[in-house]
Amino acid sequence: MPGWSRWQATARHQAAHDPDWQAAYRRWRPPVERAVAWLVHHSNRKLRYRGTIANDTWLHTRAAALNLRRLINLGLTRANGTWTLAPTPA
């Protein structure tokens with residue numbers, strides 16, 4: 001790939017010297033790492049199916065299940081035909 005090493009060198013320089021970039025990285029890295037850890041938990045590091053369609057379906061199902069579990073842990077309930085989250089304590 002022509003220009004790849006130049007792009008990578010520019011990105012590394014920015015990561016090493018730009019305080020705004022570093023602050024954004026520190027802010028977003030933990031939640032992204034947590035989401036990836038949830039996704040690959042319980043031997044889910046390898047693809048189980050052949051073909052992109054089957055693996056894409058698995059990934060979306062896994063993500064939906066994790067999101068639903070997270071919402072339930074946050075207090076998702078159904079009352080009078082509507083879904084609500086429990087209010088967070090102040």
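Is N80 buried or exposed? At 82% relative accessibility, N80 counts as exposed, where buried means under 20% relative accessible area, exposed over 50% and partly exposed in between, found with a 1.4 Å probe on protein chains only.

The model is a predicted one, in which local features need pLDDT of at least 70 and side-chain atom pairs count only at pLDDT 80 or more, while totals for chains, interfaces and linings use all residues. Residues are numbered from 1 along each chain as its sequence is written, and side-chain values use heavy atoms, with hydrogens and water left out.

**Exercise 1. State how confident the prediction is, for the protein and for its elements.**

Step 1: pLDDT is the predictor's confidence in each residue, from 0 to 100. The protein has a mean pLDDT of 89, and 97% of its residues reach 70 or more.

Step 2: Confidence is highest in helix α3 (residues 52–73), at 93, and lowest in strand β1 (residues 77–79), at a mean of 89. Helices (H or I, at least four residues) and strands (E, at least two) are DSSP runs, numbered from the N terminus.

Step 3: Where pLDDT is low, the predicted coordinates should not be read in detail.

**Exercise 2. Find the aromatic pairs and classify each one.**

Step 1: Two aromatic pairs are present in the structure. Rings of Phe, Tyr and Trp (its six-membered ring) pair if their centres lie within 6.5 Å, and planes under 30 degrees apart count as stacked, over 60 as edge-to-face and the rest as tilted.

Step 2: For W4 and W7, the ring centres are 4.9 Å apart and the planes stand at 25°, so this pair is stacked. The two residues are three apart in helix α1 (residues 4–17), and about one helical turn therefore separates W4 from W7. W4 is partly exposed, with a relative accessible area of 43%, whereas W7, at 51%, is exposed.

Step 3: For W21 and Y25, the ring centres are 5.2 Å apart and the planes stand at 10°, so this pair is stacked as well. W21 and Y25 are separated by about one helical turn because they are four residues apart in helix α2 (residues 19–40). W21 is partly exposed at 32%, and Y25 is partly exposed at 41%.

**Exercise 3. Describe the salt bridge and the nonpolar surface patch.**

Step 1: A search of the whole structure finds one salt bridge, that is, a side-chain nitrogen of Lys or Arg within 4 Å of a carboxyl oxygen of Asp or Glu. The bridge joins E33 to R29, with the closest N and O atoms 3.6 Å apart.

Step 2: Since E33 and R29 are four residues apart in helix α2, about one helical turn separates them. E33 is partly exposed at 44%, and R29 is partly exposed at 42%.

Step 3: W28, V32 and V36 make a nonpolar surface patch of about 290 Å². Patches are made of residues with over 30% relative accessible area and no salt bridge, like charges being joined within 9 Å and nonpolar side chains (Val, Leu, Ile, Met, Phe, Trp, Tyr) within 5 Å. V36 lies in helix α2 and is partly exposed, with a relative accessible area of 44%.

Conventions
Areas by Shrake-Rupley, 256 points an atom, 1.4 Å probe, with all protein chains shown as cover.
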